[in-house]
Amino acid sequence: MNPENHFPADYRQGRHEFIAACEKADIDVIARVHPQVQGRDGKPLFLDTAVIGPRAAKKALLLVSATHGVEGYFGSGVQTGLMREGLAARVPKDTKIVLLHALNPYGFSWDRRVNEDNADINRNCIDFANPPPNAPYDDLHAEISPRDISDESMHRANGRLVEFLKAHGAFALQEAISKGQYKYPDGVYYGGAREAWSLKMLKDVFTESLKHVKQLIAIDFHTGLGMFGAGEMITEDLPGSAPYKRAKAMWGDRVASSEAGESVSAPLSGTIDKAVATWLKGVELTFAALEVGTRDTRTVFNALRKDNWLHCFAPGREKNPKATEIRLELRDAFYPDTAEWKRMVWGHANEVVNSALAALA
Ligand SMILES: [Zn+2]
């Protein structure tokens with residue numbers, strides 16, 4: 001099968017094809033239903049998990065899709081493709097592979113990067129009594145997340161962002177926008193005011209399926225940063241540390257530390273990487289996000305601002321006449337629906353999964 005055929009047209013199809021591929025390989029799928037929200041098709045939403053390999057295995061590979069909802073077209077396609085192409089028969093000795101399909105099924109189904117609370121799952125792992133500050137975002141909230149998206153208003157907002165960029169540099173602006181903020185529920189990159197359902201379920205999966213593991217390699221599939229179709233393995237570990245060295249040995253030049261400023265990503269607050277490290281004390285953990293590029297930064301950022309406007313400020317919200325156009329623009333910003341892009345990113349995913357399996361063998 002051509003790699004582009006592994007990628008779904010929407011969340012529902014992605015889920016069905018993932019489950020079908022698992023069933024064909026004789027692998028059970030455990031479904032966790034979302035207790036509060038439905039999909040765009042009015043049907044229930046699920047976080048699905050498949051586990052390949054012995055229950056008591058001491059080593060594991062974890063593959064996560066749709067942490068950022070709409071980015072799940074990529075991760076879901078990769079998970080389904082891997083299952084269709086025989087992943088179940090390639091499990092190293094004393095190892096299990098855990099596939100977590102659609103960590104944020106709401107965002108995947110509704111073509112949003114965030115969850116039902118307008119919150120970013122990968123900024124949500126914090127102490128809510130003491131959220132991390134983001135003073136530059138506070139100053140620029142109205143410009144980063146505008147209440148009015150008319151050309152005139154956007155022009156004014158962008159003018160202020162350009163002033164900030166000239167004074168502090170592009171990287172500082174990227175950090176102000178994307179690091180995560182905890183004061184404005186109606187802003188982009190909002191980390192939430194409570195632990196997200198997805199996070200609770202992720203903990204549940206760890207308790208159920210990864211409890212006795214001594215060595216874990218985790219890959220979280222993301223899109224939206226970097227050159228079109230490029231692939232980077234983003235780690236939060238610093239150069240020189242043991243996990244960074246393991247990542248380099250496995251994935252080579254693809255590895256880039258966001259905390260050390262090597263990456264297409266700025267340093268972030270409240271990420272899953274950091275949370276998992278605290279859950280798995282004493283475990284040899286190597287965690288990276290495979291980040292694949294889509295559209296240029298400005299296009300992606302503007303799509304996010306419009307999506308935020310639609311859901312937080314627009315008259316009629318999802319019934320606004322611009323809703324479909326904005327949703328499709330956001331979808332395209334994180335999922336260029338072309339065979340060329342799919343082949344490129346499928347290649348990266350395959351390579352990093354193969355390297356992880358080799359390291360566990
Ligand atoms: Zn992402």
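Here is a short chat about reading helix packing and the core in a predicted model.

Me: How do I describe the way two helices pack, say α10 and α11?

Reply: Two packed helices are described by the angle between their axes and the distance between the axes. In this model, α10 (residues 297-312) and α11 (residues 323-334) have axes that come within 9 Å and cross at roughly 145°. That crossing is left-handed.

Me: Which residues of α10 and α11 meet?

Reply: An α-helix has 3.6 residues a turn, so residues three or four places apart point the same way. On the α10 side you'll find Thr299, Val300, Ala303, Lys306, Asp307 and Leu310, and they meet Ala323, Ile326, Glu329, Leu330 and Ala333 of α11. Sorted by class, the contact has 7 nonpolar, 1 polar and 3 charged residues.

Me: What span should α7 have, and how far apart are its end C-alpha atoms?

Reply: Helix α7 (residues 197-209) has 13 residues, so at 1.5 Å a residue it should span 18 Å; the end C-alpha atoms are 18 Å apart, which agrees.

Me: Which residues of α7 are buried, and what covers them?

Reply: Trp197, Ser198, Leu199, Leu202 and Ser209 are buried. Their cover includes the strands β1 (29-38), β2 (44-52) and β4 (95-101).

Me: Which residues touch the most other members of the largest nonpolar core?

Reply: That core has 94 residues, and the ones to look at are Leu62, Ile219, Met233 and Leu290. Helix α12 (residues 339-360) gives the most to this core, with 8 residues.

Methods. Residues numbered from 1 in each chain as written. Predicted model: local features only at pLDDT ≥ 70, side-chain atom pairs only at ≥ 80, totals over all residues. Core = buried A, V, L, I, M, F, W, Y, C linked by C-beta atoms within 7 Å. Buried ≥ 20, exposed ≤ 12 C-beta atoms within 10 Å, placed from the backbone. Helix = DSSP H or I, 4+ residues; strand = E, 2+ residues; numbered from the N terminus. Axes fitted to C-alpha atoms, helices over the stretch in contact; angles between N-to-C directions. Left-handed = near helix turned anticlockwise from the far one by under 90°. Contact = placed C-beta atoms within 7 Å. Nonpolar A, V, L, I, M, F, W, Y, C, P; charged D, E, K, R; others polar. Expected span 1.5 Å × (residues − 1).
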